[in-house]
Amino acid sequence: MALATDYRTARLVLRPVVATDEAAIIAGIDNLEVARWLAVVPNPYTTDDFLHFLEHIAVPGETFLIEDASGFAGIISVVDGVLGYWLASNAQGRGFATEAGRCLVKAHFATSDAPLTSGYFEGNARSARVLAKLGFVEIGRDIKHCLSRGLDLPHVIVEMPRDRFV
């Protein structure tokens with residue numbers, strides 16, 4: 001289910017991804033320290049990868065570019081009830097993932113009672129904290145392939161039922 005196309009929070013704008021975002025997105029994600037925590041992102045990340053993302057994945061109302069006052073900060077999405085996100089290195093540690101996540105969780109539950117799920121690779125303490133702050137709780141573990149590292153890795157699955165949203 002598609003959400004609105006644009007959102008504003010206290011410090012952020014969430015908007016659709018457009019072709020002119022190519023350089024910023026590639027600069028943000030073509031970094032193994034970012035890509036290593038994401039399942040389907042290759043490293044290196046090329047123009048062809050961006051074009052595939054733009055044309056097949058970044059659906060307006062599902063996937064949003066995150067901007068702060070200085071520009072590009074990351075990407076966040078809710079696709080088929082799954083919250084996903086990543087932040088460029090220079091935007092990490094500033095509460096942006098929690099702020100953008102809270103915005104999309106609120107938008108999701110304004111139109112649906114279906115639970116949200118998400119997940120993170122074991123060892124990704126930052127994502128574990130963000131998801132816990134948002135109200136997600138662990139519901140299981142599995143093994144997921146990490147494309148950038150070429151490895152199958154332990155993965156934590158989290159969920160937020162409607163009644164946990166504050």
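The model is predicted, so local features are reported only at pLDDT of at least 70 and side-chain atom pairs count only at pLDDT 80 or more, whereas totals for chains, interfaces and linings use all residues. Residues are numbered from 1 along each chain as its sequence is written, and side-chain values use heavy atoms, with hydrogens and water left out. Across the whole structure, a search finds 7 salt bridges, a salt bridge being a side-chain nitrogen of Lys or Arg within 4 Å of a carboxyl oxygen of Asp or Glu.

**Salt bridges**

- Side chains of opposite charge can pair when their charged atoms come close.
- One of the salt bridges joins Glu67 to Arg15, with 3.2 Å between the closest N and O atoms. This pair links distant parts of the chain, since Glu67 belongs to strand β3 (residues 63-68) and Arg15 to strand β2 (residues 13-15), 52 residues apart; helices (H or I, at least four residues) and strands (E, at least two) are DSSP runs, numbered from the N terminus.
- Glu67 counts as partly exposed at 24% relative accessibility, whereas Arg15 counts as buried at 17%; buried means under 20% relative accessible area, exposed over 50%, and partly exposed in between (1.4 Å probe, protein chains only).
- Arg15 and Glu67 also belong, together with Asp21, to a network of salt bridges.
- Arg94 and Asp68 meet through their side chains in a salt bridge at 3.1 Å, N to O. Because Arg94 lies in the loop between β5 (82-87) and α4 (96-111) and Asp68 in strand β3, the pair ties together parts that are 26 residues apart in sequence. Arg94 is partly exposed, with a relative accessible area of 39%, while Asp68 is buried at 14%.
- Glu122 and Arg141 form a salt bridge at 2.6 Å, N to O. Here Glu122 sits in the loop between β6 (116-121) and α5 (125-134) and Arg141 in strand β7 (residues 137-146), 19 residues apart. Glu122 is partly exposed at 40% relative accessibility, and Arg141 is partly exposed at 48%.

**Positive surface patch**

- Arg102, Arg126, Arg129 and Lys133 form a positive surface patch, where patch residues have over 30% relative accessible area and no salt bridge, and like charges are joined within 9 Å.
- Lys and Arg count as positive, and the place of a charge is taken as NZ of Lys or CZ of Arg. Accessible areas come from the Shrake-Rupley method with a 1.4 Å probe.
- Helix α5 supplies the largest share of the positive patch, 3 residues, and Arg129 is placed in this helix.

- Thr63, found in strand β3, is buried with a relative accessible area of 3%, and its side chain reaches the backbone oxygen of Ile57 at 3.4 Å.
- Gly123 lies in the loop between β6 and α5 and is exposed, with a relative accessible area of 61%. Gly123 and Trp37 are 86 residues apart in sequence and 8.9 Å apart in space, C-alpha to C-alpha.

**Backbone geometry**

- Most residues other than glycine have a negative phi, and most peptide bonds are trans.
- The peptide bond from Asn43 to Pro44 is cis, with omega near 5°, and Pro44 is placed in the loop between α2 (32-35) and α3 (47-57).
- Asp80, a residue other than glycine, has a positive phi, near 50°. Asp80 lies in the loop between β4 (71-79) and β5 and counts as exposed at 70% relative accessibility.

Methods
Patches are made of residues with over 30% relative accessible area and no salt bridge: like charges are joined within 9 Å, nonpolar side chains (Val, Leu, Ile, Met, Phe, Trp, Tyr) within 5 Å. A polar contact is a pair of N or O atoms within 3.5 Å; within protein, one must be able to donate a hydrogen and the other to accept it, and residues adjacent in sequence count only if both atoms are side-chain atoms.
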